[in-house]
Structure formats: structure tokens, C-alpha cells
Amino acid sequence: MNSPRIRPAVLVLEDGTVFDGRAWGAPGTALGEAVFATGMTGYQETLTDPSYAGQIVVQTAPHIGNTGVNTEDMESRRIWVNGFVVRDPARRPSNWRSERTLDEELDAQGVTGIQGVDTRALTRHLRDKGAMRAGIFSGDDAARPVPELVRLVSEQPAMAGRALAEQVSTDETYTVEPAEHGWDAPVKHTVVAVDLGIKSMTPQRLAERGVRVHVLPADTTFARVRELDPDGVFFSNGPGDPATADEQVALLREVLDARIPFFGICFGNQLLGRALGFGTYKLTFGHRGINQPVKDLATGTVEITSHNHGFAVDAPVGETVTAPEARYGRVTVSHVGLNDNVVEGLRCEDVPAFSVQYHPEAAAGPHDSAYLFDRFVDMMDRAPQGSGTEAGDN
């Protein structure tokens, strides 16, 4: 009988490509879209980022698990990836903050993984052919005929057309107070954050700046937003195809019509694009990692940024245009990705709204873009009084 450490496993892609490896984490089968993430650190934050729901994540860094797992670095309440692919998992963690091994955490949360895979070859394949449906099959399932496994992989839904934000969102409203994160002055502003797959670091970054954050479910209504009388509205990152998020786009248009200051990150950027009348499209293999160069077109500054997205906004780069939804006036693409010129940010010129495709909260990752939270606070500072909570309210 095989020991748990040498159970066979295979990774099967929908194009019939097979990668052999060994079972890791929870035994069983995992299905999802295979994508690669280039971060050399922060695997725990990757696993617990709700934007990875529905995906099998391939870590390009060869050695994963050496810092173990702890409760403090969780970006949400659980692991969201469907499956996890690594080359060389650590045999034991070596970090004073570690509370348990990564293998133990995957097993405890029922996440099927595979180790010993040639992740360099796999990443090159996904980069050339594009992200695609995949499956991890361990134990007895690994011995099933490949055509049967390919059929199982191909029968699962593709990421394009999937609505996932509601599946990862909070069920109940909760509040993050500035005092919880070191702010000892009166509350400056109140923000409603719509949870489309929010990471815990995002409301923390706002709270550090004196902002009280009410986190609301993805299916919230404008009436509920109005009840809280916010100074600003925030749309978070999240998984799935932005083309499916019609309810959230309708909500955002009500926010823009009311001239409430708005800031969006990642999925929130795509939804601002849609609210303004632009389309979105699926990237070949997406951007996932913490080393992505982005250029601020207004200043020429290049920021190294954290990314996790497979869709992008289809808007013209290099000029200010009238939004297709003309009532919102002029809009400018504010940032572009230097690897492929993908739209990485939008700035509205006639309504108080902006967004970026990347992650300025960046845990783990660079902090080059933390100024964007200050920009949102400044926008709320400049907004007419009376549209939200009065400054200084405790």
C-alpha cells in the first residue's frame, strides 16, 4: 500500500495534455480553470484570495510551503482555490509565525493538490495556449483512462460566462472600524464596500486612514447603500466574468448618478468600465503575481504591482473620450500594463470615480500603489458635504 506521501496523481488539461505528479493535500478530484501565479512569496494570501474561486492555481516558484500557515495572514475566511499545483513542497515549515503546515491546511479544508509537477513546462504551456479547464486526479482516479479524464475536465463550465461573486461574498453586513487598526482620531469618512470577493487587507488599508468601512454583500441594493449614508462607495476584487454582473453594474450606475465618490479595484475596475458603457474581454492567460509593471499615464511613474485577473476593460488608451454612457462625461485610461498595454485603470473626469485593475492593498506584494487609498480619501474630502456621514462623527 502506498504511503500518503507517494500516492500517484495527474493533472489533465482540456487539450489532452497530462502532467504526472504525486498527491498532496486532500485526496480526491479537483476541477477548475488552470492559471499560473508568479509570486515568489505570499502563497497563503493567494490561496485565501476569493478571486481565485473556480481555479486551479499553478505556482511558478518551485519551493512552496516553507513558511507554513498562520491565522493572521488569511485574506478571507477560507481557502478558495479549487486545486493547487506545485513542484517542490517544503517537507517542514521553518518560520516562527508558522502554526501548521501547508499540507495539513490543504487537507483540513478539503483542497486537492498535486506536487512534483514540472511547473515550468506547465506554465509555458498555459502561456502559449492560454488558461484552460483542468483537473487534478489523485489515488485510484489517476489510473483511469486519459480520454475519460479529459471528458470530465471538458464537461465543467468555462470561466467565461461564470457568475461567482455572490458565491464568495459575505452573507451579512459587517463593519471595520478605524480604531481596530491604530487610528485614534475622530472618524474621517464612512465608506460602503460591496464585497465581490473582498480581501481582508482592503478595509484595513482604509481603516488605517480613518475610514469606517461597512462591508455589504454582493447582492446589496442602492436603497441599502443610501441607508448607510456613505461618503464613498468601494467595489472590491472578485472572481468570475464581469459580463455576468448586471445587478452590480446597475447598482454602480446609481452610485455614479448620485455623484457619490467611487473607487474600484480589480473586478470593481471592470464593473466601472461596464457602467461607463465599455466592454470587457477575457485575457489569454491573465495577470497573476506580485511583480507586474504598470505605468501611470499622468505622471509617467512605473509601479510594481500585485495582480490577479483574467478579464480586462476594452477602452481606448492614450486619449480622453466621452463615455459610451454619455451622461457620465469624459473618461481617461489612467494606467496601462507595460507587459501588454492592457488597461489597468480608469479615471472619470466629470464624476467622482476612479478604479485600478491591480491590488494596491498588496498582501503579500509591493506597496508602490498604496497612494490610491489616499486618493480616495482626498476625493471624499473634496466632495460636497451632506452626501454621507459628516467628518468627525464617531
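Helices (H or I, at least four residues) and strands (E, at least two) are DSSP runs, numbered from the N terminus. With that in hand, take Pro 217: it sits in the loop between strand E12 (211-216) and helix H7 (222-227).

Some ground rules. This is a predicted model, where local features need pLDDT of at least 70 and side-chain atom pairs count only at pLDDT 80 or more, while totals for chains, interfaces and linings use all residues. Residues are numbered from 1 along each chain as its sequence is written, and side-chain values use heavy atoms, with hydrogens and water left out.

Back to Pro 217. Buried or exposed? Pro 217 counts as buried, because its relative accessibility is 12% and buried means under 20% relative accessible area, with exposed over 50% and partly exposed in between (1.4 Å probe, protein chains only). Its contacts, heavy atoms within 4.5 Å, leave out residues up to four places away in sequence. They include Ser 169, Thr 170, Val 194 and Asp 195. Thr 332 is elsewhere: 115 residues from Pro 217 in sequence, and 29 Å in space, C-alpha to C-alpha.

UniProt, in an unreviewed entry, lists residues 7-137 as "domain: Carbamoyl-phosphate synthase small subunit N-terminal". UniProt positions are in the numbering used here, feature names are shortened, and annotations may be inferred rather than shown by experiment. The span is 18% helix and 34% strand. Its end C-alpha atoms lie 11 Å apart.

Next, the barrel. Seven strands close it, in the order E1-E2-E8-E6-E4-E3-E9, with mixed pairing. From one strand to the next, the twist averages 35°. Two strands pair if DSSP finds at least two bridges between them. Strands of a sheet pair through backbone hydrogen bonds, either parallel or antiparallel.

E2 and E8 are antiparallel, over four bridges, and Gly 25 stands opposite Thr 112 in E8. Strand E6 (residues 83-85) runs parallel to E8, with three bridges. There, Phe 84 faces Gly 113 in E8. Strand E3 (residues 29-37) and strand E4 (residues 55-59) are parallel, over five bridges. Phe 36 has Val 58 in E4 as its bridge partner.

What covers strand E8 (residues 112-115), one face or both? Both: Thr 112 and Ile 114 on one side, and Gly 113 and Gln 115 on the other, are all buried.

Helix H4 (residues 146-155) lies across strands E1 (8-13), E2 (18-25), E3 and E9 (132-138), at about 130° to E9. Axes are lines fitted to C-alpha atoms, for helices over the stretch in contact, and angles run from 0 to 180 degrees between N-to-C directions.

Last stop: the annotated site. For "active site", an unreviewed UniProt entry lists Cys 266, His 359 and Glu 361. They spread over 96 residues of sequence, yet cluster in space, with a largest C-alpha distance of 11.4 Å.

Cys 266 is in the loop between strand E14 (262-265) and helix H9 (267-275). Cys 266 is buried, at 2% relative accessible area. Leaving out residues up to four places away in sequence, Cys 266 touches His 359, among others.

Glu 361 lies in the loop between strand E20 (353-356) and helix H10 (371-382). Glu 361 is buried too, at 0%. Its side chain makes a polar contact with the side chain of Lys 199 (3.0 Å). A polar contact is a pair of N or O atoms within 3.5 Å; within protein, one must be able to donate a hydrogen and the other to accept it, and residues adjacent in sequence count only if both atoms are side-chain atoms.
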